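Please open the structure in a viewer and keep the selection tool at hand.

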Amino acid sequence: MSDVTIAVLTAGVSDPSSTRLLADRAAQRTADALAASDLSPTFRSIDLSTIAVDIAQALVSGMPSRKVTAAIEDLAESDAIIASTPVYKAGISGLFKSFADLLDNDLLIAKPVLLAATGGTSRHAMVVDEQLRPLFAFLRAIPMPTSLYAAPEDWGSPDLGDRTSRAAGELAIFLRNGTGPQIAEQNWGRHRHQFGGTAAGAPQSVDDVDFSTDLMRLAAGGEREQGT
């Protein structure tokens with residue numbers, strides 16, 4: 001069986017954490033959806049509460065610690081992501097957003113992401129689609145059509161289980177079809193990339209820079225090609 005790696009990214013700080021519980025349920029349903037295929041999932045847990053201080057220091061200093069770097073590498077090497085955050089005062093977790101601010105803009109291009117959140121009231125249900133979805137869209141990832149939100153009253157409802165199965169099924173389809181890697185490979189050259197970035201394929205030396213582009217010709221004092 002072929003292997004796929006799924007990063008389970010959570011920002012819950014309580015113990016036990018409902019945010020982690022929702023992510024774990026989504027992970028299990030994804031494994032179930034892949035069981036009938038030739039894919040065997042491996043899950044990598046990224047618990048942001050355990051590196052919260054390191055994340056804050058990295059934001060201030062611009063120098064991520066070994067723990068933060070390892071978490072970013074786990075995301076980069078994953079084939080898909082299950083991202084789960086608590087909602088506080090009508091917004092996603094500051095810890096989750098702070099970690100996202102450390103990510104290279106090229107890191108998650110075309111990676112499928114299952115979005116999930118938990119909160120103390122159903123009034124926050126739209127936070128997932130209003131805040132979490134645009135965040136991953138900016139990072140050029142591919143959020144699944146179905147998102148998950150769980151308030152306290154939802155845990156005993158069959159509707160949450162149905163939505164979890166549906167979202168997990170969508171993620172499994174992307175993994176089976178290999179859609180993300182195909183899109184990333186096809187469009188990589190059409191994106192602007194951060195020099196020295198942490199994403200695979202990012203230019204790291206002068207040999208990786210395409211000096212034939214209009215931008216590089218202009219920077220070198222040349223002119224754009226006619227008709228472009």
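The text that follows names what to select at each stop and describes what is found there.

**Before starting**

The model is predicted: local features need pLDDT of at least 70, side-chain atom pairs count only at pLDDT 80 or more, and totals for chains, interfaces and linings use all residues. Residues are numbered from 1 along each chain as its sequence is written, and side-chain values use heavy atoms, with hydrogens and water left out.

**The whole protein**

Display the protein as a cartoon: eight helices and seven strands are present. Helices (H or I, at least four residues) and strands (E, at least two) are DSSP runs, numbered from the N terminus. Of the 228 residues, 42% are buried; buried means under 20% relative accessible area, exposed over 50%, and partly exposed in between (1.4 Å probe, protein chains only). Contact means heavy atoms within 4.5 Å. Among contacts between residues at least 6 apart in sequence, 77% join residues at least 24 apart.

**Strand β1**

Select strand β1, residues 2-10, and begin with Thr5, which lies in this strand. Thr5 is buried, at 15% relative accessibility. Not counting residues up to four places away in sequence, Thr5 touches Thr42, Arg44, Glu77, Ser78, Asp79 and Ala80. A distance drawn from the C-alpha atom of Thr5 to that of Asp74, 69 residues apart along the chain, gives 9.2 Å.

Move along β1 to Thr10. Is Thr10 buried or exposed? Thr10 counts as buried, with a relative accessibility of 2%. Leaving aside neighbours within four places in sequence, its contacts are Thr19, Arg20, Ala23, Ile46, Asp47, Leu48 and Ser84.

Most residues other than glycine have a negative phi, and most peptide bonds are trans. Select Pro16, in the loop between β1 and α1. The peptide bond from Asp15 to Pro16 is cis, with omega near 5 degrees.

Next, select Ala90, in the loop between β3 (80-88) and β4 (91-92). Ala90 is not a glycine, yet has a positive phi of about 65 degrees. Its relative accessible area of 41% makes Ala90 partly exposed.

Then go to Ala110, in the loop between α4 and β5 (112-118). Phi of Ala110 is also positive, near 65 degrees. Ala110 is buried, at 4% relative accessibility.

**Helices α1 and α6**

Select helix α1 (residues 18-34) together with helix α6 (residues 158-177): their axes come within 8 Å and cross at roughly 55 degrees. Axes are lines fitted to C-alpha atoms, for helices over the stretch in contact, and angles run from 0 to 180 degrees between N-to-C directions. This makes α1 oblique to α6; angles under 35 degrees count as roughly parallel, over 145 as roughly antiparallel, 65 to 115 as roughly perpendicular and the rest as oblique. The crossing of α1 and α6 is right-handed, whereas a left-handed one has the near helix turned anticlockwise from the far one by less than a right angle, and a right-handed one has it turned clockwise.

Show side chains at the contact: residues of α1 that take part include Leu22, Arg25, Ala26 and Arg29, and those of α6 include Leu160, Gly161, Thr164 and Ser165. By class, nine residues of this contact are nonpolar, five polar and three charged. Ala, Val, Leu, Ile, Met, Phe, Trp, Tyr, Cys and Pro count as nonpolar, Asp, Glu, Lys and Arg as charged, and the others, Gly among them, as polar.

**Helices α2 and α4**

Select helix α2 (residues 52-61) and α4, whose axes come within 10 Å and cross at roughly 50 degrees. The two helices are therefore oblique to each other, and their crossing is left-handed. Ala52, Ile55 and Leu59 of α2 meet Leu95, Ser98, Phe99 and Asp101 of α4. This contact of α2 with α4 comprises five nonpolar residues, one polar and one charged.

**The aromatic pair**

How many aromatic pairs are there? The count comes to one, where rings of Phe, Tyr and Trp (its six-membered ring) pair if their centres lie within 6.5 Å, and planes under 30 degrees apart count as stacked, over 60 as edge-to-face and the rest as tilted. Select Phe96 and Phe136: the ring centres are 6.2 Å apart and the planes stand at 65 degrees, so the pair is edge-to-face. Phe96 belongs to helix α4 (residues 94-101) and Phe136 to helix α5 (residues 127-138), 40 residues apart, and the pair thus links distant parts of the chain. Phe96 is buried at 2% relative accessible area, and Phe136 is buried at 3%.
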